[in-house]
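Subject: Structure handover and notes

Hello,

Please find below the structure that I said I would pass on. My notes on what was found in it follow.

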Amino acid sequence: MKISGCIFDMDGVIVDSAKHHFTAWKMLADELSIPFTLDDNKLLKGLSRIDSLEKILSLGSLELNSNTKLLLMEKKNSLYLYLVSKMSEYEILPGVKDLILELRREGVGVCLGSSSKNATVILKNVNLFNLFDGVVDGNNITLSKPDPEVFLKGAEILGISPSECVVFEDAASGIEAALSGGFFALGIGDASELSRANSVVSDLCGMTLEKLNQITG
Ligand code: BG6
Ligand code: MG
């Protein structure tokens with residue numbers, strides 16, 4: 001496969017933001033007297049903000065009207081934004097920045113494909129924003145992963161076909177999105193959770209374009 005572009009998911013691929021999502025959701029769950037653990041937090045990987053809230057409410061068998069849900073999401077997001085405002089380049093996951101710099105040097109397009117509505121602010125906080133040729137996030141899409149919309153828009157920005165593009169994803173829903181869009185789906189993390197991916201690596205430490213070419217064949 002000729003690699004003309006790479007689309008990166010953000011949460012769990014570029015930065016470990018799950019801990020900040022957990023702190024913020026936990027504050028809300030405690031207020032609502034819903035038991036919410038780190039294991040429960042893993043179920044939220046890749047889910048949109050509203051789907052994450054619905055999941056937490058279901059853990060407490062709580063049904064709320066949509067206005068209340070909107071207020072709760074705003075409250076959660078304010079705390080989350082405060083927590084991520086303290087992020088710096090030290091929180092970029094190992095290997096990510098070197099890989100992106102190499103891809104750029106080699107003329108491979110680099111785009112973000114995230115469900116998060118906070119992607120731009122986080123990329124700016126960790127000083128990576130300027131290295132992306134395009135950013136598609138939760139503000140630009142109508143359908144969440146596993147729908148491929150987020151990645152298809154990314155390929156469009158890069159001006160390439162999905163068949164020449166690698167998607168880097170840590171969530172099963174993102175792997176499905178990449179596959180159904182016709183991309184090469186590279187899972188980042190636990191192979192048992194990402195069994196549908198075309199290939200899986202535990203992290204991007206030491207990843208190079210040469211290794212990517214070997215993986216994609
Ligand atoms: C995904 C995360 O990338 O973004 C989810 O994996 C999160 O955990 C989702 O819920 C939405 O993020 P945000 O920043 O818009 O609340
Ligand atoms: Mg992710």
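The domain assignment divides the chain into domain 1 (5-16 + 89-216) and domain 2 (18-84); such bounds come from an automatic or database domain assignment. This is a predicted model, in which local features need pLDDT of at least 70 and side-chain atom pairs count only at pLDDT 80 or more, while totals for chains, interfaces and linings use all residues. Residues are numbered from 1 along each chain as its sequence is written, chains are lettered from A and ligands numbered from 1 in the order in which they are written, and side-chain values use heavy atoms, with hydrogens and water left out.

**The two domains**

The centres of domain 1 and domain 2, taken over C-alpha atoms, are separated by 25 Å. Domain 1 puts 14 residues into the contact and domain 2 puts in 12 residues, where contact means heavy atoms within 4.5 Å. The size of an interface is often given as the accessible area lost when the parts come together. Between domain 1 and domain 2 the buried area is about 1,100 Å², and carbon and sulfur atoms give 41% of that. Buried area here is the accessible area (1.4 Å probe) that two parts lose on being put together, summed over both.

Two salt bridges are counted between domain 1 and domain 2. A salt bridge is a side-chain nitrogen of Lys or Arg within 4 Å of a carboxyl oxygen of Asp or Glu. Lys19 and Glu91 also meet through their side chains in a salt bridge, at 3.6 Å from N to O.

**The nonpolar cores**

A nonpolar core is a set of buried Ala, Val, Leu, Ile, Met, Phe, Trp, Tyr and Cys residues joined through side-chain atoms within 4.5 Å. Buried means under 20% relative accessible area, exposed means over 50%, and partly exposed is in between (1.4 Å probe, protein chains only).

The largest nonpolar core has 36 residues, and those with the most contacts inside it are Phe8, Ile14, Phe168, Leu204 and Leu212. Among the elements that each supply at least two of its residues are strand 1 (5-8), helix 4 (66-84), helix 5 (96-105) and helix 9 (209-216). Helices (H or I, at least four residues) and strands (E, at least two) are DSSP runs, numbered from the N terminus. Helix 5 gives the largest share of this core, four residues. Domain 1 and domain 2 both give residues to this core, so it lies between them.

Which residues does Ile14 contact, leaving aside its neighbours within four places in sequence? They are Phe8, Asp9, Glu91, Ile92, Leu93, Val96, Leu112, Leu128 and Phe132.

**The magnesium ion**

The magnesium ion (ligand 2) has Asp9 (OD), Asp11 (O) and Asp170 (OD) as its protein donors, lying 2.0 to 2.1 Å from it. Donors are N, O and S atoms within 2.8 Å of the metal (3.2 Å for Na, K and Ca); water is not among the atoms, so sites may look incomplete. Along the chain, the donors of this ion follow the spacing D-x1-D-x158-D. Asp9 and Asp11 are both buried.

**Salt bridges**

The count comes to 12 salt bridges. In one of them, the side chains of Asp133 and Arg104 meet at 3.5 Å, N to O. This pair links distant parts of the chain, 29 residues apart: Asp133 is in the loop between helix 6 and strand 3 (134-136), and Arg104 is in helix 5. Asp133 is partly exposed, with a relative accessible area of 44%, and Arg104 is partly exposed at 35%.

Lys153 and Glu149 form a salt bridge at 3.3 Å, N to O. Both lie in helix 7 (residues 149-158), four residues apart, about one turn of the helix. Lys153 is partly exposed, with a relative accessible area of 30%, whereas Glu149 counts as buried at 14%.

Glu176 forms a salt bridge with Arg196, with the closest N and O atoms 2.8 Å apart. Glu176 is in helix 8 (residues 172-181) and Arg196 is in the loop between strand 5 and strand 6 (199-201), 20 residues apart. At 26% relative accessibility Glu176 counts as partly exposed, and Arg196 counts as exposed at 51%. Salt bridges that share partners also join Asp9, Lys145 and Glu169 into one network.

Regards
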